[in-house]
Structure formats: C-alpha cells, structure tokens
Amino acid sequence: MKILAFESSCDETAAAVIEDGRKICSNIINSQAEEHALYGGVVPEIASRGHVEAISAVAHAAVREAGMAFADVDAIAATCAPGLIGALLVGANYAKSLAWSLHKPFIPVHHIRGHIAANLLAFPELEPPFLCLSASGGSSMLVLVHDYTDMEIIGGTRDDAAGEAFDKVARVLGVGYPGGPKIDQLARGGDDTAYALPHSHVDGAPLDFSFSGLKTAVINLAHHAEQKGEPLDKRNLAACFQRAVSETLVPRLKLAAEQTGVHTLVAAGGVAANSRLRADLECMARELGAPIYMPPLHLCGDNAAMIGAQAYYEYLAGNTGTIWQNAFATAEIQEKICQKHGIAKKYAKR
C-alpha cells in the first residue's frame with residue numbers, strides 16, 4: 001500500500017510517498033527556517049502563507065520522485081493535530097481535496113504519533129510494545145506504545161517543551177533559529193560543568209519534568225553578565241544547558257523502563273537529534289542492557305515520511321477520516337482525531 005502523506009504543522013511543508021508503513025519512496029521537505037530566523041522564531045501567519053505557496057510543488061515532487069502518478073497512490077494522509085492551526089489547515093485541506101478528487105481514503109495523523117513512527121522507517125525489526133521519549137519544540141513526553149495506534153502518556157513536561165527551551169536559550173545567546181542545531185554546534189568543546197544549572201523534580205510525579213526553571217536560569221545568567229559587564233562564556237553555557245536537558249530527560253526514561261518492565265527504548269522528535277542527548281541515551285541503554293532506537297538525523301525533524309508511516313497503521317486500524325475532518329491546534333496522543341470533525345459537518349446539514 002502506497003500512501004501520499006503531507007506534513008505542515010509548523011514551518012516545514014513536506015510531502016512523501018511511503019509503502020506499507022516502512023519504505024520511503026520519496027520524501028520532500030521545503031523548509032522556511034531561513035525566513036523565520038529573521039524574526040528569531042516561527043511567525044504563524046508567515047508560516048501559513050508559506051505552506052500555501054509550497055504545498056502543490058512538494059506534492060508533485062513527491063509523486064514524481066516516487067516514479068508514479070497521483071492516481072497510483074492508494075490513500076492520502078496529512079497531519080491534522082497538534083500544531084499551528086493555520087499551518088495545519090493548509091496541509092489537511094489540500095490532502096482532503098486531493099483524496100476527494102481521486103476517490104482515495106483520507107487518513108488524519110497525530111503529529112507526535114508520526115514522530116514516533118519515524119523509527120519504523122529506520123528499523124524494520126522494531127515492533128511494539130516499547131517506551132518512547134518524544135521531545136520536540138511543541139511537546140515533551142514519555143509514551144508507552146502498547147501497539148501501533150494504542151499509546152499512553154506516562155510522563156510529560158509541566159510547562160515548556162524541551163525544544164521550546166532550546167529555541168529560547170538560543171535567542172538569549174544570540175545564535176539564532178532554529179535553536180536545537182545552533183546550541184548543539186555552539187556547545188561542542190564546551191565545559192559542561194562551568195555553570196550550575198537547575199534540574200527539575202516534580203513532587204509526587206517522578207516521570208514528569210519541567211524546563212521553565214532551567215530556561216529562566218540561563219536567561220538570568222546572561223542578563224546578569226550583561227548588566228555587570230562581565231564576560232559570558234556562551235560555549236560553556238550551551239554545553240551546561242545541553243547537559244541539564246539531557247539529565248532531565250534520560251533518567252526519567254530509565255525510571256519508566258524500570259517501573260513498566262518495558263525495556264525496548266525509543267527516542268523521537270527534533271530534540272532527539274541532539275548529540276549530547278543521543279550519547280547519554282546510548283550510555284543509559286547499555287547500563288540497562290536494553291536496545292535503544294533513535295531515528296537518523298534527517299527523520300528527527302518534521303517530515304512527511306513519518307506521517308506516511310503512521311498513516312499506514314492508522315488505516316489498518318480503521319482510523320480514516322472524511323471530507324469533514326478538521327484540524328486541531330491541540331490533541332492528546334491517545335485521541336482518535338479521525339472521530340473529531342469540528343463544526344463544519346454540523347453547519348453543512350443546515
């Protein structure tokens with residue numbers, strides 16, 4: 001089964017053709033990162049307009065690279081939640097229209113489920129159940145994946161997501177957007193013990209975490225140095241920040257494995273591309289004697305291949321949408337968003 005999938009939840013307009021949830025036939029990404037870097041972060045209205053301008057071109061490129069025509073695909077999929085609502089609507093509406101015109105099934109996909117499914121493309125042997133640390137710009141959570149479409153959040157952030165903290169710290173340090181790769185590059189060769197940074201603990205919820213205190217501590221250090229005219233070693237501070245993020249996330253994944261008895265471990269999301277986090281996850285997995293799966297760097301960030309991979313399993317589970325399918329800025333990973341329609345169908349009956 002070949003699925004043409006779209007991703008437009010933030011600032012990447014992407015399309016891909018995926019076969020049977022495991023094989024990438026094509027994977028096209030049009031990034032707006034350089035444009036949004038001018039503003040220090042994503043501007044939702046600019047992102048939405050960028051998707052409108054790019055989506056038809058990436059769709060045609062994905063089909064062409066896969067060596068097929070639109071009529072040859074078996075289904076159409078798109079990210080429908082969560083994300084920037086204007087951006088989501090562009091991809092969802094384009095995909096729905098295409099599915100309707102081609103008389104193909106439409107499959108709505110949850111963005112975080114897609115990030116987790118990126119590992120299915122890289123590791124053919126990976127099957128549920130497994131524990132996943134999903135960390136990105138919009139969310140950070142520990143997910144117990146019982147089956148391909150049956151997922152349970154067992155821990156998560158109480159405030160900022162890890163990726164959001166990276167972006168804000170990068171802005172304070174003046175290295176630009178996107179923050180994740182900029183901080184990772186800056187931290188190379190830095191002393192990760194040079195600055196004392198906080199590590200969060202949530203009373204009564206050992207699997208939950210927080211990044212607002214860490215983010216604020218870095219901001220305060222930078223502002224204090226500026227006000228006093230003192231030098232700030234940005235390389236060392238970036239290294240210390242990366243260490244603090246990793247030491248917030250990795251022990252909780254280890255604790256979750258010990259509590260649940262599930263010792264197949266997975267990482268997902270844009271933050272999973274961070275070199276310090278990947279190294280610490282590998283070290284922890286060796287201590288546990290557990291396998292750890294992390295997607296290759298090109299599948300960590302937002303892409304449509306991961307959406308097509310998850311769409312295959314949503315289709316097998318009967319989670320298909322209709323022309324009335326809406327997009328949603330927020331949605332829990334456990335929700336079947338194919339069953340959420342919004343108000344469009346209600347008013348169409350009048």
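This talk covers the cavities, salt bridges and helix faces of the structure above.

Some ground rules. This is a predicted model, where local features need pLDDT of at least 70, side-chain atom pairs count only at pLDDT 80 or more, and totals for chains, interfaces and linings use all residues. Residues are numbered from 1 along each chain as its sequence is written, and side-chain values use heavy atoms, with hydrogens and water left out.

Cavities to begin with. Rolling a probe the size of a water molecule over the atoms shows where empty space is left. Here a cavity is a set of points, on a 1 Å grid over the protein atoms alone, where a 1.4 Å probe fits but cannot get out. Lining residues have an atom within 4 Å of a point. Grid points are joined across faces, edges and corners, and a volume is the space filled by probe spheres set on the points. How many cavities of 30 Å³ or more does the whole structure hold? The search finds 2.

The largest cavity has a volume of about 60 Å³. Its lining includes Pro108, Val109, His110 and Arg113. Glu314, Asn319 and the run Glu335, Lys336, Ile337 and Cys338 also belong to that lining. Which element gives the largest share? Strand S5, residues 106-110, with 3 residues. Helices (H or I, at least four residues) and strands (E, at least two) are DSSP runs, numbered from the N terminus. By type, this lining divides into 4 nonpolar, 2 polar and 4 charged residues. Ala, Val, Leu, Ile, Met, Phe, Trp, Tyr, Cys and Pro count as nonpolar, Asp, Glu, Lys and Arg as charged, and the others, Gly among them, as polar.

The second largest cavity holds about 40 Å³. Its lining divides into 8 nonpolar residues, 1 polar and no charged. Helix H4, residues 111-122, gives the most to it, with 3 residues. Among the lining residues are Ile116, Ala117, Leu120, Phe130 and Gln310.

Now salt bridges. Side chains of opposite charge can pair when their charged atoms come close. The cut-off here is a side-chain nitrogen of Lys or Arg within 4 Å of a carboxyl oxygen of Asp or Glu. The whole structure has 10 of them.

Aspartate 160 pairs with lysine 215, and their closest N and O atoms are 2.9 Å apart. This pair links distant parts of the chain, 55 residues apart. Aspartate 160 sits in the loop between strand S8 (150-156) and helix H5 (162-173), and lysine 215 in helix H7 (residues 212-228). Buried or exposed? Aspartate 160 is buried, at 10% relative accessible area. Lysine 215 is buried too, at 14%. Buried means under 20% relative accessible area, exposed over 50%, and partly exposed in between (1.4 Å probe, protein chains only).

Next, arginine 276 and aspartate 192, with the closest N and O atoms 2.7 Å apart. Arginine 276 is in helix H9 (residues 275-288) and aspartate 192 is in the loop between helix H6 (179-187) and H7, so this bridge ties together parts 84 residues apart in sequence. Arginine 276 is partly exposed at 21%, and aspartate 192 is partly exposed at 23%.

Third, lysine 254 meets glutamate 287 at 3.5 Å, N to O. Lysine 254 belongs to helix H8 (residues 234-260) and glutamate 287 to helix H9, 33 residues apart. Lysine 254 is partly exposed at 27%, while glutamate 287 is exposed at 55%. There is also a network: salt bridges with shared partners join Asp192, Arg276 and Asp280.

On to helix faces. An α-helix has 3.6 residues a turn, so residues three or four places apart point the same way.

H5 has 12 residues and spans 17 Å from its first C-alpha to its last, close to the 16 Å expected. That expected span is 1.5 Å times one less than the number of residues. Buried residues of H5 are Ala162, Gly163, Ala165, Phe166, Val169, Ala170 and Leu173. Down the axis of H5 they fall within an arc of 155°, so they line one face of the helix. The arc is that of the directions from the helix axis to the C-beta atoms.

H6 buries Gly179, Ile183, Asp184, Leu186 and Ala187. Their arc is within 165°, so these residues line one face of H6. Pro181 and Gln185 are exposed on the other side of H6.

One last residue. Aspartate 11 lies in the loop between strand S1 (2-7) and strand S2 (12-19). Aspartate 11 is buried, with a relative accessible area of 3%.

Conventions: 1 Å grid on protein atoms, 1.4 Å probe; cavity = no way out; pocket = protein on both sides within 12 Å on 5 of 7 lines; lining within 4 Å.
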